[in-house]
Amino acid sequence: MDILLAIVFGVVILVVLLGTLRGFAGPRGGGKPAIEAVEPMPEGLRILYWCETCGLEVLLLRRGTENPPRHCGESMTKREEMLRE
């Protein structure tokens, strides 16, 4: 009887543990995050961001949102350059 009870408790603990891990694996809020539509970058335009605190520069190859990336705890400064042909 003790062995059967131990197996039942083990299965219950395993199910609860797996359910908890599945909850951690999914996105927060229970749904997909809202994605904003962003206009494609014009041909020949290069968008750079730099951190005013440390001087790090980031070249943006594909824009996902209008929000600038963050570095050193602050938003980076945007700079646009047109490439010459």
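Met1, Leu4, Val8, Val12 and Val16 together make up a nonpolar surface patch with about 540 Å² of accessible area, where a patch joins nonpolar side chains within 5 Å among residues that have over 30% relative accessible area and no salt bridge, a salt bridge being a Lys or Arg side-chain nitrogen within 4 Å of an Asp or Glu carboxyl oxygen. Met1 is located in the segment before helix H1 (2–25), helices being DSSP runs of at least four residues and strands of at least two.

The model is predicted, with local features requiring pLDDT of at least 70 and side-chain atom pairs counted only at pLDDT 80 or more. Residues are numbered from 1 along each chain, and side-chain values use heavy atoms.

An open sheet of 3 strands runs in the order E2-E1-E5 with antiparallel pairing, pairing being assigned where DSSP finds at least two bridges between two strands. Strand E2 (57–60) and strand E5 (77–82) are the edge strands, each with a single partner, so one side of each has no neighbour in the sheet. From one strand to the next, the twist averages 30 degrees. Strand E1 (residues 45–50) pairs with E5 over 6 bridges, and Ile47 has Glu80 in E5 as its bridge partner.

The structure contains 0 disulfides, a disulfide being a pair of cysteine sulfur atoms within 2.5 Å. The sulfur of Cys51 is 3.8 Å from that of Cys54, its closest cysteine sulfur, which is too far for a bond. Cys72 is likewise in no disulfide, with the sulfur of Cys54 the nearest at 3.7 Å.

Accessibility is classed as buried under 20% relative accessible area, exposed over 50% and partly exposed in between, with a 1.4 Å probe and protein chains only.

| Residue | Relative accessible area | Class |
|---|---|---|
| Cys51 | 3% | buried |
| Cys72 | 42% | partly exposed |
| Met1 | 81% | exposed |

Methods. Patch = residues over 30% accessible without salt bridge, like charges linked within 9 Å, V, L, I, M, F, W, Y side chains within 5 Å. Areas by Shrake-Rupley, 256 points an atom, 1.4 Å probe, with all protein chains shown as cover. Axes fitted to C-alpha atoms, helices over the stretch in contact; angles between N-to-C directions.
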